[in-house]
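Here are some notes for a colleague who is new to this structure.

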Amino acid sequence: MSSFRVMWLMIMFDLPTTSKKDRKRYQWFHKELEKEGYIMLQYSVYGKIFSSHDSAKHGKKRMKDFVDRNLKHGNIRMLLFTDKQFSNMEIIIGEESVEETNEPKQLLLF
């Protein structure tokens, strides 16, 4: 496997929003994902591109540790796949977001 295989890590989540505290936690998690460089693909679906499988595994571990320390309720899933697999995604209704169509800045060096 090439050490420079571009990978995507997708985070999909459903967090409770019944109380005011729950809604604040949901907004906080959304902002933290954006701070970490994840882009919103759809509501509660975020993706981040990594330059290699190893860096993606590190990103996955980092996200698990972050969630374990900060969130106790809800449903959060992660999916790791290649850039080629991501490019095969079909949009049935709607269109790509601006973030999806722009090349990620960290990969322009490659």
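1. A residue counts as buried when its relative accessible area is under 20%. The model is predicted. F86 has a relative accessible area of 11%, so this residue is buried. W8, at 7%, is buried as well.

2. Seven aromatic pairs are present in the structure. One of them joins W8 and F86, whose rings are stacked, with 4.0 Å from centre to centre and 15 degrees between the planes. This pair links distant parts of the chain, since W8 belongs to strand β1 and F86 to helix α3 (residues 83–87), 78 residues apart.

3. F86 also forms a stacked pair with F81, at 6.2 Å centre to centre and with 10 degrees between the planes. F81 counts as buried, with 11% relative accessibility.

4. Which residues do ring pairs link into a cluster? They are F13, Y26, W28, F29, Y46 and F66.

5. The sheet is open and antiparallel, with four strands in the order β2-β3-β1-β4. β2 (39–42) and β4 (75–82) are at the edges; each has a single partner strand, so one side of each lacks a neighbour in the sheet. From one strand to the next, the twist averages 30 degrees.

6. Six bridges connect β1 (residues 7–14) with β3 (residues 45–50), and the two strands pair in the antiparallel sense. I11 has Y46 of β3 as its bridge partner. Y46 also belongs to the ring cluster named above.

7. Helix α1 (residues 20–35) lies across β1, β2, β3 and β4. Its direction is at about 175 degrees to β1.

Definitions and conventions: Residues numbered from 1 in each chain as written. Predicted model: local features only at pLDDT ≥ 70, side-chain atom pairs only at ≥ 80, totals over all residues. Heavy atoms only, no water. Pairing = 2+ DSSP bridges. Axes fitted to C-alpha atoms, helices over the stretch in contact; angles between N-to-C directions. Contact = heavy atoms within 4.5 Å. Phe/Tyr/Trp six-rings, centres within 6.5 Å; stacked < 30°, edge-to-face > 60°. Buried < 20%, exposed > 50% of the residue type's maximum accessible area, 1.4 Å probe, protein only.
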